[in-house]
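User: I am new to this structure and would like to go through it with you. Could we begin with how its parts are arranged?

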Amino acid sequence: MKVSFSTLGCRVNQYETEAMAEKFIIEGYEIVNFNEFADVYVINTCTVTNMGDKKSRQMIGRARRQNENAIIAVVGCYSQISPEKVAKIPGVDIVLGNRNKGEIVYWVNRAKEEKKQIIQVKDLIKYKKFENLNIEEYVDKTRAFLKIQDGCNRFCSYCLIPFARGAVCSKNPEVVLKEVTQLSQHGFKEIILSGIHIASYGSDLGEDWNLVRILEEIDKIPGIERVRIGSIDPQFFTEGVVEKISNLKKLCPHFHLSLQSGCDKTLNRMNRRYTTLEYKNIVEDLRKNIKDVSITTDVIVGFPGETEEEFEETYNFLKDIKLSKMHIFKYSPRKGTKAANMKNQVNGNVKEERSKKLIELDIKLEKCFMSKFIGREMPVLYEQEYSKIKGNYEGYTPNYIKVVSPYLKDISGNIMNTKLSEIKEEIIFGNIE
Ligand code: SF4
């Protein structure tokens, strides 16, 4: 039997796809590419933007065209938010919510036997338990993602995630530490801790657990050399936290702090719970205490009511604060959120223009950040051969600069001291010392 996966959206979804794939492998399935014939197709959907819904529907259609007799299972955020809508898409056999992914093989077998559509979506308002979806065997042996948290209680006015992922819930700390130990025994050098709102890790455990404590415990595990955290709420970095994490030996100096807007009035409408001044102070504190720190961010342009002056404020704030990389998103209304019903929705052409302006600024700032490291020697964890130049290998510095260097043999999975020599198209080329 063959199974194929299509994953849309974030890293958490990618992690969960790998965990589901492992369950199929245990049952004797072979994993094949999505454009190949398979007996089961699993589409792990995203609903953060309208585009996510559209792509999910396209992938369902594509799967059905590959094999008209296949079992098609649609799982993830789109299924969680709109199960009836998903069930009506022609060809869908199974609809599973976000905390039903661990039961996927069971439901596929049931669908085969019963030959009728199955819909299993837990009510995440009532069901608050972390679903333990573990990965034992990783394909990529360099860096391992580890999902330690799910859900979000913040309710930013534009975001559907709290509805799709439910309330905050955390993986048991003992399980996290056991998994990190296993990963180190398997030879992994880097672990990327991920979650939907990872700053909330532990808040539901009712004990003295939080993200800092789990990071401190992971820091003691031998073998793992680097620990990264995915996107994190800026408010996590209080003064005490910055001081504590600056003592961790393995935590990579790269933090993705979603800003979303550099204008306080817009931030307020977004229901973000910090001001631009607070954000700036956090960035300064991190820069002061953590050597070579790289701070990246997300920004939404064209949020409802964003005037020309408000956008200018955002532009000037970003120009001033000089982050190392910005991901720019044009606001897209999501039905069911407060922002979708706000007055003064911004015209598409205006969003496009604002997005272009920030992308241009980002290119300049990114180059400026990278150029500070030219001539420096840095440890690079090489991951694979660089597809564009044979005999060259690509990897990342601790502060997440992509480096490509020539070498005589395959160095994937090794950390090597590398002299960074020149920038070409968002990559630094280096030489291994
Ligand atoms: S913090 Fe805001 S943007 Fe992030 S997942 Fe929660 S509600 Fe969505």
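User: What separates the centres of domain 2 and domain 3?
Analyst: This is a predicted model. In it, the centres of domain 2 and domain 3, taken over C-alpha atoms, are separated by 24 Å.

User: And how many residues of domain 2 are in contact with domain 3?
Analyst: On the side of domain 2 there are 22 residues, in contact with 29 residues of domain 3.

User: Which domains is the protein divided into?
Analyst: The division gives domain 1 (2-120), domain 2 (126-252), domain 3 (253-372) and domain 4 (377-432).

User: Which residues touch the most other members of the largest nonpolar core?
Analyst: They are Leu-193, Phe-237, Phe-255, Leu-257 and Tyr-279, in a core of 69 residues. Domain 2 (126-252) and domain 3 (253-372) each supply at least three residues to this core.

User: What is Phe-237 in contact with, leaving aside its neighbours within four places in sequence?
Analyst: Phe-237 is in contact with Ile-232, Val-242, Ile-245, Phe-255, Leu-257, Ile-282 and Leu-286.

User: Let us turn to helices. At what angle do the axes of H1 and H5 cross?
Analyst: The axes of helix H1 (residues 11-26) and helix H5 (residues 104-114) cross at roughly 55° and come within 9 Å. The two helices are therefore oblique to each other.

User: Which residues of H1 and H5 meet?
Analyst: From H1 there are Met-20, Lys-23 and Phe-24, and these meet Ile-104, Val-105 and Val-108 in H5. By type, the residues of this contact are five nonpolar, no polar and one charged.

User: How do H12 and H13 pack?
Analyst: Helix H12 and helix H13 (residues 348-371) pack with their axes 11 Å apart, at an angle of about 10°. That makes H12 roughly parallel to H13.

User: Which residues meet there?
Analyst: H12 contributes Glu-308, Phe-311, Glu-312, Tyr-315, Leu-318 and Lys-319, which meet Arg-354, Lys-357, Leu-358, Leu-361 and Leu-365 in H13. The residues of the contact of H12 with H13 divide into six nonpolar, no polar and five charged.

User: Where is Asp-320?
Analyst: Asp-320 is in helix H12 (residues 308-321). With a relative accessible area of 46%, Asp-320 is partly exposed. The C-alpha atoms of Asp-320 and Lys-280 are separated by 9.7 Å, while the two residues are 40 residues apart along the chain.

User: Is Gln-260 buried or exposed?
Analyst: Gln-260 is buried, and its relative accessible area is 8%.

User: What about Glu-426: what is its phi?
Analyst: Glu-426 is not a glycine, yet it has a positive phi of about 65°. Its place is the loop between strand E18 (415-424) and strand E19 (427-432). Glu-426 is partly exposed, with a relative accessible area of 48%.

User: Finally, where is Asn-392, and what does it touch?
Analyst: Asn-392 belongs to strand E16 (residues 392-396). Not counting residues up to four places away in sequence, Asn-392 touches Glu-385, Tyr-386, Val-404, Ser-405 and Pro-406. Its relative accessible area is 10%, so Asn-392 is buried.

Note on methods. Residues are numbered from 1 along each chain as its sequence is written. This is a predicted model: local features need pLDDT of at least 70, side-chain atom pairs count only at pLDDT 80 or more; totals for chains, interfaces and linings use all residues. Side-chain values use heavy atoms; hydrogens and water are left out. Axes are lines fitted to C-alpha atoms, for helices over the stretch in contact, and angles run from 0 to 180 degrees between N-to-C directions. Helices (H or I, at least four residues) and strands (E, at least two) are DSSP runs, numbered from the N terminus. Angles under 35 degrees count as roughly parallel, over 145 as roughly antiparallel, 65 to 115 as roughly perpendicular and the rest as oblique. Contact means heavy atoms within 4.5 Å. Ala, Val, Leu, Ile, Met, Phe, Trp, Tyr, Cys and Pro count as nonpolar, Asp, Glu, Lys and Arg as charged, and the others, Gly among them, as polar. A nonpolar core is a set of buried Ala, Val, Leu, Ile, Met, Phe, Trp, Tyr and Cys residues joined through side-chain atoms within 4.5 Å. Buried means under 20% relative accessible area, exposed over 50%, partly exposed in between (1.4 Å probe, protein chains only). Domain bounds come from an automatic or database domain assignment.
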